[in-house]
Structure formats: structure tokens, C-alpha cells
Amino acid sequence: MNIDFRSAARKIFKRPEELELTEGPIGRSLFFLSLPIVITNLLQVAYNFADTFWLGRYSTDALAAISLGFPLVYLFISLGLGLTVAGSVLVAQHTGATQTAQADYAASQTVAFTIAIGILLGAAGVIFVDEVLSVFGADPVVLALATDYMRIISFGLPFLFGFIVFIALMRGSGDTLTPMLVMLGTVIINVILDPILIFGVGPVPELGVDGAAIATVFSRGSAAVVGLWILFSGGHGVQITLSDMWPDREYITKLLRIGAPASLENTGRALSVNAILLIVTLFSTPVVAAFGVGIRVFSMIFMPAIAIDRGVETMTGQNIGAGNSDRVSKTNRFAAITSFGILSILGIITFIFAPEIIRAFDDSPAVVEQGATFLRWIAPTFGFVGILRGYSGGFRGAGKTLTAAVITIVLFGFIRLPVAYVVSQGLIPFDIWIFGTRTPEGIWFSFAISGIVAALVAAGWFERGTWRDGDLTEGTDTPADQNRATEQSSDPDPDPSASET
């Protein structure tokens, strides 16, 4: 039987011009916009999963090392994601308002600013990684391996930020298919390089943890180069130009006003994981390894909700730019309900097969036991994470990035972290259930309770409707537009036919 893969792909994936983000059925638009994001995010996770899979077979110390380093990697990625949210939202709103020049200018300024920050953070990471990781007080062997791994990853941060901004700007314009295709090619490179560099093949020496880091940096560098080339070519929605990338102090202030809270939101999530890791390291190495594997499993399972979150962000931005506030409300509610259903199903599957999932990465009995317990604590609350993600995208798309940041920081920083420490260290003065006993299950409990509370707060806050004044497209002429307006106003006898050319 002959299968026409091209026709099948056209049915599953839609080009940006085929999507109706500001009209038509919401479910259809959100599905075709979010599906490539799901695949792109799964491919992004494949970078880390490939490292986890091969290093888990290399040694337990190597696996614990990247478990120790992963929260710091997540922190860097979170900073990059936050910075690009401003560009994505501005591009989305200008696209919805059919303001092409303003969308291109926003994209150019975002690229220049994000890569500059990536260079600064990369340099800081290379210099200070020893001091940062030493805070965790892990085993000296694990700490040394994690330090080497993170130094190489820090060197590649500008490449990582370059690709992150490419994905965000394409998404803002409604194109999620192109980033997916670019990511696919670079993940293939990483999957091929990982075992070769970790274990050594032929003339290639055995590099262990360093090999995994080098493979990741090389792959992300390739993705960044291709992504920036696409942005400069202008054939996929937005187009950046060198002239528009010159730092515009006023516009950078605007990017920071929108993007800084988004960075704070993402950084808050990352810092929460890093702070939790401090508590995790108070227990044995198998618990640390189990925590690292569990976090990676969550990052894959939550991909559908994160994709819907990003899809809602784009649809909210474009609909606000187009003046369709009622469609924004319907989109966010639909997204929250859909995310809850999808993640609840995935939670049931995760609960049932928890030991098998952990065993796929590390078959050490102690790691499997702790990791399965971790998954089974959180799995019943997966649906609430979906609700949180469904509404968070709406806040950001409306430019209300500070609201999303407050929800994240208050609920994760002031609920998850204190609960994790108090319950896991047996500081509650009564011995009931897990309370009053020093156990890592107190940490797993904090993940579950904070996710439920965050979802309820996000839903209630969005329904208040304070996002409806989030139009960012007014008064946003580019410098070129402003110069043109100045020249026209200073012309005493303008040619009335000029506007028709």
C-alpha cells in the first residue's frame, strides 16, 4: 500500500496563512497552532533526555551531575524565554492589527537585545559556575562533573538564546511549523553525537559528561544559525534587518517593561526548582538522581499544556490587536479545560507505569523506588498544571506579564519551597502520615499542593477581566515611521499623489 506522506503531513500541519487565529473555530485554530509547538518542545526535551539516557548508562555519578546542573540550565533557559516573550507578544499584537513594519521592528530589537543578554550571561556562567554549584553541597565527584558540564553549557548560551528568540518570534507571527522543522534537524545531530562523544568511538576520545555538553552546544549552535538566517531572509512572517537592530533605548525600555516580568515568571519557576534542589541534596544521592529524572519526565509530560499555553499567548495577542476581546475569553477557557483533560489522562498513565518510566533512565533499585514515589505524588495533580498553563498564556498575550509572574513567584516561592522544607525535615510537631518524619516525600507533597493552589488562583484572576486593557499596538510607530511623519509635516506643499505610490 502506497502512503502519500506529503498529503498526510498537510492534513496534520497547517502553514501560517492557512490558520484563522482571529476568526473561525477556536479549537481548530489552537490545535493546528499548538501541535507543532508540542513536537518542538518534545524535540527540545530530547536534548536533555538523550543526555540523561546515555549518561545514566555511563555512571550514576554522571547522571547525578547533570541532575545537579539541570536546574541551572533551566534557569538560563527561563531567562531567555522571558526576554523573548515581549517580542513574541508585540509581534502577535502587531500582526493581529496588520502592522507589518512595527512587527518587523519589534522582532529586530528583540533579537539584538536577547543575544546580547545571552553573551553576558554566558560569560558570567563560565566565570562563576564553581561558586554557584558549590552552594548545593553535593558529593565532590558529582560536583566536579557538574561544574565541567555547566561551564561548557554556559559557553553555548548565546546560541541557545539565538534559537529561543527565533522560536518566539515565529510563534508570534503565527508560524509554529518552521521552528519545528529546524528543531528536528538539530536534535538528530545531537542524538548522533551524544553516544559518540560520551563513550568515545574510534579516534574520538571518551569525554563522558563533557561530551554530552559539547553535543548539546554544537546542536543548539546549528539551530541558532539556521533560525537567524530564516529571520533575515523574511520568507516566514517577520523579517529582521541590521539597521533595525541598532539599540533603541526607548524600545528596549518597552521590551524590558513587558519582558522583565516574564523573565521573572520563568526565573521564579527555575529558582523554585533550584531552591528545592538544595533541600533534595540533604538526602542521599539516589534521591538527587531520582529528582533529576522526575523533573525531566515532568518536562516531557507537561509539553501539551506548555504548547497550548504558547498557542493561547499568540492567539490572545493577535485577537487583542484585532480588537476581539470576547474571542480571547473563549480561547482561554477552552485552553484551560482542554489542558486539564489532557494532563489528567497523562497523570493516570504516569501513576500506573511510574516504576517503568524511571527504570528507562536508571535501573538502580534505590533510584527507581524514589523516582516512582515522586511521580505518583504529582501525577494526580497534573490536570491543575494544565489549568494554570491555559490561563498564563492569556495573561502574557495581553501584555499582563506581571500578573503571571506574581502568581508564579508567590505560589511557588512562598508555598512550594516552605512546605517542602518544613514537611521533608520533620519540623511539624506531630507524627501523622508523612508529617513529623524526615522524608523526601515532604518535597513531593509540596509539588502537588502548590500546583493545585496556583491553578485556582490563575483561573479566578483571569475571570476578573483585568487583562482587557492590554492593547500594546497604539502609539508604536517605528523610527522610520516617525522620520517619515516629520518629513511630511515639514513639507509646505506635499504631493497629494505620493500616498498612492
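## Salt bridges in the model

A salt bridge is counted here when a side-chain nitrogen of Lys or Arg lies within 4 Å of a carboxyl oxygen of Asp or Glu. The model is predicted, and 9 salt bridges are found in it by this rule. Side chains of opposite charge can pair when their charged atoms come close.

## A pair within helix α11

R310 and E313 form a salt bridge through their side chains, with an N to O distance of 3.2 Å. Both residues belong to helix α11, where 3 residues, about one turn of the helix, separate them.

Buried means under 20% relative accessible area. R310 counts as buried because its relative accessible area is 8%. E313 has a relative accessible area of 1% and is therefore buried.

R171 and E313 are both buried.

A salt bridge also joins R389 to D309, whose closest N and O atoms are 3.6 Å apart. Here too distant parts of the chain are linked, with R389 in helix α15 (residues 382–397) and D309 in helix α11, 80 residues apart. D309 is buried because its relative accessible area is 0%; R389, at 11%, is therefore buried as well.

## The network

Salt bridges link R171, E265, D309, R310, E313, R389 and R396 in a network.

Terms used. Residues are numbered from 1 along each chain as its sequence is written. This is a predicted model: local features need pLDDT of at least 70, side-chain atom pairs count only at pLDDT 80 or more; totals for chains, interfaces and linings use all residues. Side-chain values use heavy atoms; hydrogens and water are left out. Buried means under 20% relative accessible area, exposed over 50%, partly exposed in between (1.4 Å probe, protein chains only). Helices (H or I, at least four residues) and strands (E, at least two) are DSSP runs, numbered from the N terminus.
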